[in-house]
Amino acid sequence: MLNIPLFKRATLLFFLFVANITFAQKAYQVKDIPDPKKNGGGYVSDPDTILGIDAVSHLNSTIADFESKTNVQVAVVVVNDFDHDKEDFDFAYELFNTWGIGSKTSNNGLLLFISKERRKYRFITGTGAEGVLPDVKLKHIAEQNLIPAFRQNDFATGIVNTINAIGEVILKPENKSELNQFFTQHDSSSPLENFWIPTGVIILAFYGVFKIVNRQAKNTVDAKDAYSYEKIGKGCAVVMMITFVFCFIFAFFGGFKMLEKIEQKNVPYILYAILAIALFVRYIFYISTLRKIHNDDKNFFNSVSAFHKKNFWIIIFSPLVLITIITYLFKRVKNINRFKPVLDSKGQEMVRIDRDINIEGEPFLTRGQRKEEIVKAYDYDIWESTNHKEHLIKAWPAEAYNGYTECPACYFRTYKLNKRVTTREATYSHEGQAKLINECSFCKKTEFIKWITLAMLVESSSSSSSSSSDSSSSSSSGSSWGGGSSSGGGTGGSW
């Protein structure tokens, strides 16, 4: 019984300790401050709910009105406490530049940072706003509006009155004119300059590039393939027309909902990326067609090299092409020794048989060797002496070399292991069946391994895909700041 009071005291101390930890104020790092632009598109960050919902809503509305009339971006951040290793200026300055408050070109941002527990306030201004809101003016506004209310522990009123006082300054006709003039000098929002001119230049440039590539492709292939290239050329034109119409709709009708966050000035960059990818696809198609035309590897590499030498400039329009060019350069260097002439028994250089002319390799290759070429296990180079009395056959691993092994019956590398052959397709009502075999493409030797059961098909549910994802904010502000920065202007103090 004598230990009960001691137990109670220990329990009370324990709960007080836990409560103290639980309710201790969080000291925010810069990265921990919620960005209001990413959380509803507002201007006020109040993670500790010091101001209240009504005050935050009123401030967001007021600041949005300022921005629409003057292009000045104002951010308000209110926290209980912040990083103990930093002073209020250092913390607010880093926060300003981390978020990028204000326009990137005119730096017309303003941050009001407040720490309730540290009893500190700090203004940080961008260089474009310092002329209208100098340090002395901000200090006077704080002493007249912010500090008196804060000393009464009325933070909402103090901040609202301070923002209203700032609004009176920046909305004065002479100041408003100065801010707008500074903004337009550095960040022109002219649709002609930001959209139509670059868009028109990009479309015309790519139209010319596609025209050149299609003409060269059409001249390269024979007549039987010309029609297909003509269709491809028309397809490219259709793609460009659809892209232009899309840009027109975006410019005049605000775009589609999913693209509302894209700024008009960024559309030419997006257009360039789309057309660059389309050009890369067109280039890959051309290279693959050269591969089909040339059965002879040496002729193929020569054709690709000739095209690259003549059209290296297309990497300006599609940098992705550079990757393919480098890849083919490596392949060409790797095959230098392959195409060096070999000598006959008399020390004379032999002539390599052109496989675009002698596709079947007759009479030098056997049917099994030709089959190895067809399945792309080997490429065979045939060298013949000038007097046609000697010949030499050299084998080189081809693209599918590792996909085949030597057949135990015919000894050619045409034996496919673990090949799955479907004997009954799976449906939505019953399972399917397949057999796993080893099979030779040349002599047709087959070795059965086992039967495989194919699972029934299952209908996919798409009902969940129609769920609403429209969580747009009613705020007129964007989803990010303008990329501005500060050189350290502003003022601060305590109460």
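Visitor: In β8, which residue is the bridge partner of V351?

Guide: This is a predicted model, in which local features need pLDDT of at least 70, side-chain atom pairs count only at pLDDT 80 or more, and totals for chains, interfaces and linings use all residues. Residues are numbered from 1 along each chain as its sequence is written, and side-chain values use heavy atoms, with hydrogens and water left out. Strand β7 (residues 351-352) and β8 pair in the antiparallel sense over 2 bridges, where pairing requires that DSSP finds at least two bridges between two strands. In β8, the partner of V351 is E384.

Visitor: Which strands are the edge strands of the sheet?

Guide: Strands here are DSSP runs of E with at least two residues, and helices are runs of H or I with at least four, numbered from the N terminus. The open sheet has 3 strands in the order β7-β8-β9, with antiparallel pairing. An edge strand pairs on one side only, and the edge strands are β7 and β9.

Visitor: How many bridges join β8 to strand β9?

Guide: Strand β9 covers residues 391-397 and runs antiparallel to β8. Within this pair, E384 stands opposite H391 of β9. The number of bridges joining β8 to β9 is 7.

Visitor: Is strand β8 largely enclosed or largely open?

Guide: Buried means under 20% relative accessible area, exposed means over 50%, and partly exposed lies in between, with a 1.4 Å probe and protein chains only. Y378, Y380, I382 and E384 point one way from β8, while D379, D381 and W383 point the other way, and all are buried. Because 7 of the 7 residues of β8 (residues 378-384) are buried, the rest of the structure leaves this strand largely enclosed.

Visitor: How is α4 directed relative to α5, roughly parallel or roughly antiparallel?

Guide: Axes are lines fitted to C-alpha atoms, for helices over the stretch in contact, and angles run from 0 to 180 degrees between N-to-C directions. Helix α4 (residues 135-151) and helix α5 (residues 155-170) pack at about 155°, with axes 7 Å apart. Angles under 35 degrees count as roughly parallel, over 145 as roughly antiparallel, 65 to 115 as roughly perpendicular and the rest as oblique. Therefore α4 is, relative to α5, roughly antiparallel.
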